[in-house]
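Please look at the sequence and the structure first, then read the notes by topic.

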Amino acid sequence: MASGTAETGTLDVAIIGAGLCGLRLATLLQPSGARIGVFEARARSGGRVLTVADGAIDLGPTWFWPRNQPRMTQLVAELGLPGVLQHDDGRALYHDRADQPPRTVAAADLHGGAQRIDGGMARLAAALAERLPAGTVRLQHRLRALARRDDHVELAIECEAETVAVRARQVVLALPPRLVDETLRFTPALPAPLCAAMRETPTWMASAAKAAMQYPAAFWRAAGHSGNAFIRHPQAVLCEIFDVCGPDGGPAALAGFFDLDPAQRRLLAPHLPRLLRGQFAQLFGPAAAAGTLHQYDWAEDPLTCAALDRDEPVTVHPLYGDARLTAPQWDGRLLLGGSETAARSGGYLEGALEAAARLAGQIIPPARFPNGASGARHVMTGMPA
Ligand SMILES: Cc1cc2nc3c(=O)[nH]c(=O)nc-3n(C[C@H](O)[C@H](O)[C@H](O)COP(=O)(O)OP(=O)(O)OC[C@H]3O[C@@H](n4cnc5c(N)ncnc54)[C@H](O)[C@@H]3O)c2cc1C
């Protein structure tokens with residue numbers, strides 16, 4: 001049962017999840033005057049977007065690709081955020097025998113014109129959140145259950161150890177479909193084919209982990225290296241490393257993706273800092289061991305990684321676009337979002353924007369709902385246990 005109330009009226013749209021999809025959708029709906037609430041389980045917005053070290057290091061998404069991602073390119077420009085072209089100049093390293101030094105290889109334009117955001121990808125989430133009226137995004141509000149009522153959906157939302165009831169005419173679940181299936185309770189239950197589609201849709205990068213090292217200077221650039229390295233030997237901790245310096249070479253940093261799978265990382269967790277420093281040094285020389293280390297394991301984050309994602313890690317980008325995920329449920333009152341529902345760019349930041357645009361078109365104006373007057377006051381009633 002819900003033990004408190006979070007709203008004094010019925011929201012037009014409750015958006016669950018303040019990742020890029022949820023935030024973008026909120027900004028798209030905001031000019032309509034709809035009464036919107038964005039409920040986010042974490043103490044921060046951004047979801048998989050995670051920037052640390054005062055904007056220097058992205059431990060979630062790093063890049064967008066202006067050559068084939070028009071939505072991201074346009075949004076970054078619209079928000080006035082400075083893009084930084086990925087640094088690929090110089091020699092790349094290829095290391096396929098742990099007992100031999102790495103080989104240098106010539107490789108131009110390795111990242112296909114990818115850009116980062118100066119100051120980190122979190123600036124994207126922050127800039128979107130700033131466009132919303134104060135109080136729209138409610139952090140540390142975790143949705144637990146949804147119940148269909150005649151003219152609204154009732155949400156049980158956990159907040160500060162209490163469960164509060166929220167009513168909304170329409171609800172958008174802007175989070176990975178697998179998390180919806182594994183962590184939310186629906187009354188009535190969702191159709192079996194939709195549940196199957198949610199389970200069959202891997203959350204992109206949910207089983208990944210990233211590490212980064214910050215240094216006083218980009219010594220590898222001075223030695224003619226681009227910072228790009230590919231590691232393919234059995235002792236590899238990271239499989240791919242790249243330069244993530246600021247636009248003028250500072251702050252200086254290298255970042256990389258783990259080669260170890262979630263189970264191996266859990267087993268080796270106490271030793272990872274030493275192993276990571278050793279691998280950076282093996283590639284770029286002794287100076288590379290001495291930086292400030294940052295790492296994040298997404299497989300250990302239950303607000304991103306479902307049990308299925310952790311147990312069956314995917315390394316190849318899946319084909320997204322299952323039409324079962326985008327069909328409105330409960331007579332249009334319940335919609336699924338998140339990047340993994342996007343047909344063209346599913347899994348990417350671009351896909352989160354694609355999903356937001358699709359969802360904005362599926363939102364029904366309040367006047368078209370029966371008894372649709374916005375802002376009506378209701379007494380909050382019990383939620384399904
Ligand atoms: C390591 C890594 C590297 C990546 N690299 C790139 C890259 O370089 N380029 C790129 O384009 N993409 C990349 N991605 C993918 C990109 O991050 C995602 O496509 C994008 O961030 C998804 O946004 P989203 O809003 O759909 O989902 P999410 O960011 O997952 O947002 C979902 C939100 O829902 C919240 N939530 C979950 N459950 C609940 C609940 N019950 N109640 C309330 N809130 C809840 C979560 O806390 C989260 O904030 C990377 C991802 C990772 C992890």
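A residue is called buried if 20 or more other C-beta atoms lie within 10 Å of its own, exposed if 12 or fewer do, and partly exposed in between, with C-beta atoms placed from the backbone. By that rule, the buried residues of helix α3 are R123, L124, A125 and L128. This is a predicted model, in which local features need pLDDT of at least 70, side-chain atom pairs count only at pLDDT 80 or more, and totals for chains, interfaces and linings use all residues. Residues are numbered from 1 along each chain as its sequence is written.

**Confidence**

- The predictor's confidence in each residue is its pLDDT, given from 0 to 100.
- The average pLDDT of the protein is 93, and 94% of the residues score at least 70.
- Residues 1-5 have pLDDT under 50, and the model gives them 17 contacts beyond four places in sequence; a contact is a pair of residues whose C-beta atoms, placed from the backbone, lie within 7 Å.
- Residues 372-385 also stay under 50 in pLDDT, and for this stretch the model has 32 contacts beyond four places in sequence.

**Domains**

- The domain assignment gives domain 1 (4-48 + 124-201 + 320-368) and domain 2 (51-120 + 207-300); such bounds come from an automatic or database domain assignment.
- The centres of domain 1 and domain 2, taken over C-alpha atoms, are separated by 32 Å.
- Where the two meet, 8 residues of domain 1 are in contact with 10 residues of domain 2.
- On the side of domain 1 that touches domain 2, the elements giving two or more residues are α3 (122-130) and α10. Helices (H or I, at least four residues) and strands (E, at least two) are DSSP runs, numbered from the N terminus.
- The largest share of that side of domain 1, 4 residues, comes from α10.
- That side of domain 1 divides into 4 nonpolar, 1 polar and 3 charged residues. Ala, Val, Leu, Ile, Met, Phe, Trp, Tyr, Cys and Pro count as nonpolar, Asp, Glu, Lys and Arg as charged, and the others, Gly among them, as polar.

**The ligand**

- The ligand is surrounded by 41 residues, and the closest are G17, G19, G47, P61 and M205; a residue counts as near the ligand if its C-beta atom, placed from the backbone, lies within 6 Å of it.
- Two or more residues of this shell come from each of α1 (20-29), β10 (142-148), α4 (177-183) and α10 (349-362).
- With 4 residues, α10 gives the most to the shell.
- The shell is made up of 23 nonpolar, 12 polar and 6 charged residues.
- Domain 1 and domain 2 both give residues to the shell, so the ligand lies between them.

**Two helices**

- In helix α2 (residues 70-78), R71, M72, L75 and V76 are buried.
- These four cover an arc of only 125° around the axis, which puts them on the same side of α2; the arc is that of the directions from the helix axis to the C-beta atoms.
- An α-helix has 3.6 residues a turn, so residues three or four places apart point the same way.
- The face of α2 turned away from its buried side carries the exposed residues Q74, A77 and E78.
- The buried residues of α2 pack against β5 (83-85), β8 (115-117) and α10.
- After α2 comes G80, which has a positive phi near 70°.
- The buried residues of α3 have a cover that includes α1 and β8.

**Backbone details**

- Most residues other than glycine have a negative phi, and most peptide bonds are trans.
- The peptide bond from T187 to P188 is cis, with omega near 0°, and P188 lies in the loop between β13 (185-187) and α5 (192-199).
- A cis peptide bond also runs from G250 to P251, with omega near -5°, and P251 sits in the loop between β16 (238-243) and β17 (252-258).
- D54 is not a glycine, yet its phi is positive, about 55°. The loop between β3 (51-52) and β4 (57-58) holds D54, which counts as exposed because it has 9 C-beta neighbours inside 10 Å.
- A161, a residue other than glycine, has a positive phi near 65°. A161 is found in the loop between β11 (153-159) and β12 (162-173), and is exposed, with 6 other C-beta atoms within 10 Å.
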